Amino acid sequence: NMFGPMSGLVFKVITHPAMILYLDNQDNTGEHSKARKEKWTDNGTNENLARETLELYTVTPSNGYSQEDVNGMTNILTGWKVVGWDNINELRFEQDYHEPGTQTVLGKKYSSSTGKGQLQRVIRDLTSMEDTARHVAFRLCQHFISDDPDPKYIDKLATIYSKNKGKLSPVYLGLLDILEALEHRSDKFLNPEVWVYQSLKTFNISVPNQVPTKWRFNPNRIDSVLRELGLLHGEAQQPNGWPEVEEEWLSNEYLDRRL
């Protein structure tokens, strides 16, 4: 999904079973849904996933959205559940748990009559906004160029994003043009994850990327190496993941661990 539209990527991310469970959308139930009326559950609304959808994955707080916008997004996300605990990859939209009626997010109204289409429409609108374009551009520049990238690079990528209606491939090509113009010089020190995979690729080393287990350092395991370097998938304490700025992981201790 990395090379398609941003709307498709965001939709896949926030409806992934792991995200539904991690951000508690499993229990997000509409106050006026059939499930509540029939007393199948006492669960109410849970805004965790809705808030992160606005804050982290699309427009960011710089947009100035309100609590009412978060509430609207929360109601749109009601009914998206993981079912069948023997297979947690099974995601369903359960209409009986969904909040009926029309919801408003950032001034636009979204009817619930089409079920899952309601979520697809609001994500399409959120990812088409200038705030999202600048967010994507900034994050790419911060990751690949420097912790504090030149605003002209952000402007360039945001313009490409908007011109191509949120399609990501042209944005990446624009980023490569910037890096080429810099003659591959940048102030960015590789974070542990990028450094590990780049090292393995450079030396053509094949190491299984295994699921983390009990802690005991083993240089033949990716999870063991990344944990030692302070950046292991799934162990960040907050939903926004590991920091992009190098001061968070560039220290004498972590450089010693790399060596």
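Residues are classed here as buried under 20% relative accessible area, exposed over 50% and partly exposed in between (1.4 Å probe, protein chains only). The structure is a predicted model, in which local features need pLDDT of at least 70 and side-chain atom pairs count only at pLDDT 80 or more, while totals for chains, interfaces and linings use all residues. Residues are numbered from 1 along each chain as its sequence is written, and side-chain values use heavy atoms, with hydrogens and water left out.

Helices are DSSP runs (H or I, at least four residues), numbered from the N terminus. The face of helix α9 turned away from its buried side carries the exposed residues Leu-173, Leu-176, Glu-180 and Ala-181. The buried residues of α9 are Leu-168, Val-171, Tyr-172, Gly-174, Leu-175, Ile-178 and Leu-179. These cover an arc (taken from the directions from the helix axis to the C-beta atoms) of only 160° around the axis, which puts them on the same side of α9.

The structure holds 8 salt bridges, each defined as a side-chain nitrogen of Lys or Arg within 4 Å of a carboxyl oxygen of Asp or Glu.

Glu-253 forms a salt bridge with Arg-257, with 2.4 Å between the closest N and O atoms; being 4 residues apart in helix α12, Glu-253 and Arg-257 are separated by about one helical turn. Salt bridges that share partners join Glu-228, Glu-253 and Arg-257 into one network.

Key:
Helices (H or I, at least four residues) and strands (E, at least two) are DSSP runs, numbered from the N terminus.
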